[in-house]
There are 2 protein chains.
Amino acid sequence: MPVKRHPAPATAEHAPLQLEHFLPYRLSILSNTISQAIADDYQSRHDISMTEWRVMAVLARYAGLSAREVAERTAMDKVAVSRALARLVEAGRVDRAVHDNDKRRSVLNLSDAGWAIHDEVAPMARAREREVLAKLNAEERVWLTRILDKLLS
Amino acid sequence: MPVKRHPAPATAEHAPLQLEHFLPYRLSILSNTISQAIADDYQSRHDISMTEWRVMAVLARYAGLSAREVAERTAMDKVAVSRALARLVEAGRVDRAVHDNDKRRSVLNLSDAGWAIHDEVAPMARAREREVLAKLNAEERVWLTRILDKLLS
DNA sequence: ACGTTGTAGTTTCATATGAAACCATTTGCA
DNA sequence: TGCAAATGGTTTCATATGAAACTACAACGT
């Protein structure tokens, strides 16, 4: 057996995860890096948390959702959504009405001020996405889309 | 202009992000889903947080790291690492010594108890990874690896 | 040797988070 | 109709988190 080298590898009998090749680990690093870059963009201009931005992005895409539907679309829990909405409504970025046929439900929409922020942030988010995708060639981008479709299904 | 349909799409002049095709959003959902599945596995058997598991996994792979090096490897901040280590040392899962030539540094290693947990959890984590990869064929798996290599570089 | 600057790690403090309890309303059904 | 169960949403409470301040030690120049 050779003499142990400096950054000592853990003993072989334990079979540690090779994190640098472990899919969940790599996905986590990649995802956090990208999301944080986008968050830095909008946090430097507006006082918006990541959860608030996600809610706004969903409401931009789907007008009139209820809070529960926002939670589904964002994959956030309903408490987080409730709090994000409280802040957004308070700040005048989201309008909240009560559903006609069900007084429990809210009917949520971006206000004009909310849209103004959205229209400034969305292009920055798209620019970040382009930056990431620029590291790939056309063929790789097609495969990535296909692979994500399958993994998310 | 046609009459508006039920789940009203937001007005076109605002160009909302199409989240279902937006890379950062899709990566975030995928990564969180996988990490949470693994966390459910070890949390059901041991009282370990996600940050604690990440520290353990890194120490399994690289014995004798300092806290700062753990922070680098896990992409966690040093406060989170410091606290995770405090709990792990307290619970007897990690041994902490002082570096010979630099008394500021810790020299961190999994204890026997830590290794026992590692050796139980690591195979479960690998099984989850296999579950995910099972959705892909061999060609797609090769592309995924190549694409992640490029995106993470 | 001595003071300045840098680094490892912890503590403090203010904020964010999630589970569970809660309130109001609606639904299902006797 | 009336009442139990379910649902949308908020509040409470205990815990997690990160930025900044802090302590201890090391490195460097004088």
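In the interface between the two chains, 100% of the interface residues of chain B are also interface residues in chain A, so the copies meet through the same surface; residues count as in contact if their C-beta atoms, placed from the backbone, lie within 7 Å. The model is a predicted one, in which local features need pLDDT of at least 70 and side-chain atom pairs count only at pLDDT 80 or more, while totals for chains, interfaces and linings use all residues. Residues are numbered from 1 along each chain as its sequence is written, and chains are lettered from A in the order in which they are written.

The contact draws on 48 residues from chain A and 48 residues from chain B. On the side of chain B that touches chain A, two or more residues each are given by helix 1 (23-43), helix 2 (50-61), helix 5 (112-133) and helix 6 (138-152) of chain B, helices being DSSP runs of H or I with at least four residues, numbered from the N terminus. Helix 1 of chain B provides the largest share of this side, 12 residues.

Chain B can be laid on chain A with an RMSD of 0.0 Å by a turn of 180 degrees and a shift of 0.0 Å along the axis, and the two copies are thus related as by a two-fold rotation axis; the superposition is by least squares on the C-alpha atoms of residues with pLDDT of at least 70 in both copies.

Within helix 5 of chain B lies Val121(B). Leaving aside residues up to four places away in sequence, Val121(B) touches Tyr42(B) and Trp53(B).
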